Amino acid sequence: MRRIPATAKINLALVVGRRRSDGKHEVATVLQRIDLADRVSIEAGPRLAVSGFPEDTLVRGALLSLAEEAGVEANWAVRIEKRIPVAAGLGGGSSDAAAALRLANDTLAEPVPAERLHALAAGIGSDVPFFLSQGPQLGNGDGTELSAVDLPQDFWIVLVLPTRAAKRSTAEVYEAYDGAAGFAQRKAEVTKLLAVARRPSDLAALPANDLASSPLADELRELGAFRADVTGAGPTVYGLFVRRERAEAARRVVAARGRTWLTVPTWYG
């Protein structure tokens with residue numbers, strides 16, 4: 001049996017444009033892995049079986065797609081140990097699917113090439129290809145057109161998942177979005193800033209999330225975060241801090257608002 005971590009992510013920026021002819025929105029998003037992770041394990045089995053997380057659909061779908069691409073039976077037994085909260089904007093399901101793809105592909109006599117694996121991942125979900133890559137990435141197009149970016153990694157992250165936060169599905173959030181005007185300018189701002197960001201505090205100039213906002217972000221900034229925003233379509237809010245002591249103090253203050261974590265960036269799963 002092989003087991004690997006499936007890390008969460010935060011969107012350091014999420015700029016959203018018009019709906020495309022394929023029904024998806026044009027985006028420019030900065031994706032950063034963080035050191036909060038599920039665990040995914042895999043071994044040979046008589047048939048495809050996914051245990052540990054009954055609500056899973058992405059891992060099963062990913063492995064069926066891989067088996068079809070490779071021309072083999074999907075005879076894998078997968079176990080998911082969940083630590084990332086579900087439907088929280090942290091990409092846990094997508095990361096699980098990517099981890100399962102990597103593990104299962106390694107078991108094949110003729111593994112699917114990386115380029116084809118990326119294409120399979122893009123067909124599963126827009127965040128899945130990111131979790132096959134290493135380091136922070138800029139996602140363009142529908143979010144699956146990735147390019148590596150060199151960003152500072154020496155900061156602390158406070159995550160807050162608000163209690164009783166009502167979240168519509170990601171699809172519903174995008175469906176309701178009507179702020180595409182000015183997308184090209186906001187996208188250009190992201191690209192320009194990424195080219196010069198060298199210190200953690202430089203990330204403060206990234207534009208705010210187009211899809212969601214939260215007063216918790218304002219509170220985290222008041223508590224010393226140099227950047228705070230909602231990740232993905234929410235509802236999780238993150239605050240970035242230069243010093244651990246400030247991050248820990250802020251976490252204590254916001255602990256009554258919901259579940260919290262103190263974590264750091266990580267390069268790969």
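1. Among the contacts in the protein (heavy atoms within 4.5 Å) between residues at least 6 apart in sequence, 71% join residues at least 24 apart. This is a predicted model, in which local features need pLDDT of at least 70 and side-chain atom pairs count only at pLDDT 80 or more, whereas totals for chains, interfaces and linings use all residues. Residues are numbered from 1 along each chain as its sequence is written, and side-chain values use heavy atoms, with hydrogens and water left out.

2. With 269 residues, a compact globule would have a radius of gyration near 18 Å, and the protein, at 18 Å, agrees (taken over C-alpha atoms; the rule is 2.2 Å times the number of residues to the power 0.38). Buried residues, meaning those under 20% relative accessible area with a 1.4 Å probe and protein chains only, make up 52% of the 269.

3. The protein has 7 helices and 10 strands, which are DSSP runs numbered from the N terminus (helices H or I, at least four residues; strands E, at least two). Four of the strands form an open antiparallel sheet in the order β8-β9-β7-β10, where pairing requires at least two DSSP bridges between two strands. Because β8 (227-230) and β10 (258-263) stand at the edges with a single partner strand each, one side of each is left without a neighbour in the sheet.

4. Strands β7 (residues 156-162) and β9 (residues 237-241) pair in the antiparallel sense over 5 bridges, and Ile157 has Leu240 in β9 as its bridge partner. Helix α7 (residues 244-254) packs on the sheet, touching β7, β9 and β10.

Key. Axes fitted to C-alpha atoms, helices over the stretch in contact; angles between N-to-C directions. Buried < 20%, exposed > 50% of the residue type's maximum accessible area, 1.4 Å probe, protein only.
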